[in-house]
Amino acid sequence: FSGKFFVGGNWKMNGDKASLGELIKTLNSAKLDPNTEVVCGAPSIYLEFARAKLDPKIGVAAQNCYKVKGGAFTGEISPAMIKDVGVHWVILGHSERRWVFGETDELIGQKCAHALENGLGVIACIGEKLDEREAGITEKVINAQTKHFADNIKDWSKVVLAYEPVWAIGTGKTASPAQAQDVHDKLRQWVKANVSEAVANSVRIIYGGSVTGGTCKELGGMKDVDGFLVGGAALKPEFVDIINAKQ
């Protein structure tokens, strides 16, 4: 867990062994910026496959987990299981978990606490919907979501904050670099005021929402954008260009 520029690829519910195997071959053979930390979020059924095939320098993340070690929770996976297959990261609070599957801030916070207690790194996702942005309450919404994470985090060194405006995910709309920088700056100020200055200075705040090979360089040049969480483009060869955005 370094302070490097961080690029996560969220494969969501996509791919099969053949197509993901091809993607993995592309990533393994590409020249990747050694100063960028790369993590790929695989569907749970392919976590072990991805970990076995990907070059060890590329991390793997689960896309979700539950808040306890085991038990009668049909369809769920735990941090202990994720670690058992050699995977060290989990994505929590993604807007699709919140808005498609109805996960609450409270549940996401509990999951975060349990994942960190069990040694996983957490990609903690926050972001406002279009009506919230238009109502001018972006900051309020994001601060509330961040607070539920912060209340459950003891060690921030294993946390990456991912700001993903919901209106920009998969829509082709991207927050402008200035919009992204504005929210990231306010987030860092919130962390400084509510956690500590040291954490505010060290925590990586990454941007997600229709990041492409075409938009990544300008976004990555913003002072408070410390990386990306990439959806659709993470399944394409252009993911390599996004990883190398800082070169």
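**View 1. Lys147 and Asp151 form a salt bridge.** In this predicted model, Lys147 is partly exposed, with a relative accessible area of 43%. Asp151 is exposed, at 54% relative accessible area. Buried means under 20% relative accessible area, exposed over 50%, and partly exposed in between (1.4 Å probe, protein chains only). The two side chains meet at 2.9 Å, N to O. A salt bridge here is a side-chain nitrogen of Lys or Arg within 4 Å of a carboxyl oxygen of Asp or Glu. The structure holds 14 salt bridges.

Residue numbers start from 1 along each chain as its sequence is written, and side-chain values use heavy atoms, with hydrogens and water left out. Because the model is predicted, local features need pLDDT of at least 70 and side-chain atom pairs count only at pLDDT 80 or more, while totals for chains, interfaces and linings use all residues.

**View 2. Glu96 pairs with Lys12 in a salt bridge.** The closest N and O atoms are 2.8 Å apart. The pair links distant parts of the chain, 84 residues apart. Glu96 sits in helix H4, and Lys12 in the loop between strand E1 (5-10) and helix H1 (17-29). Helices (H or I, at least four residues) and strands (E, at least two) are DSSP runs, numbered from the N terminus. Glu96 is partly exposed, with a relative accessible area of 28%.

View 3. Asp182 is partly exposed, at 36% relative accessible area. Lys186 also counts as partly exposed, at 30% relative accessibility. Elsewhere, salt bridges that share partners join Arg188, Lys223, Asp224 and Asp226 into one network.

**View 4. Gln181 is a buried residue of helix H8.** Gln181 counts as buried because its relative accessibility is 15%. Leaving out residues up to four places away in sequence, Gln181 touches Met222, Lys223, Asp224 and Val225. Contact means heavy atoms within 4.5 Å.

**View 5. The largest nonpolar core has 67 residues.** A nonpolar core is a set of buried Ala, Val, Leu, Ile, Met, Phe, Trp, Tyr and Cys residues joined through side-chain atoms within 4.5 Å. Those with the most contacts inside this core are Trp11, Leu27, Val90, Tyr207, Phe228, Val230 and Phe239. Helix H8 (residues 177-194) gives the most to this core, with five residues. Apart from this core lies another, of 11 residues, including Ala61, Ile123, Val160 and Ile206.

**View 6. Trp11 and its contacts.** Not counting residues up to four places away in sequence, Trp11 touches Leu20, Leu23, Ile24, Cys40, Gly41, Ala42, Pro43, Ala50, Gln63, Ala234 and Leu235.

**View 7. The largest cavity holds about 40 Å³ of space.** The count comes to one cavity of 30 Å³ or more. A cavity is a set of points on a 1 Å grid over the protein atoms alone where a 1.4 Å probe fits but cannot get out; lining residues have an atom within 4 Å of a point. The lining consists of Gly93, Ser95, Arg98, Cys125, Ile126, Gly127, Gln145, Glu164 and Val166. The lining divides into three nonpolar, four polar and two charged residues.

Note on methods:
1 Å grid on protein atoms, 1.4 Å probe; cavity = no way out; pocket = protein on both sides within 12 Å on 5 of 7 lines; lining within 4 Å. Points joined across faces, edges and corners; volume = space filled by probe spheres on them. Nonpolar A, V, L, I, M, F, W, Y, C, P; charged D, E, K, R; others polar.
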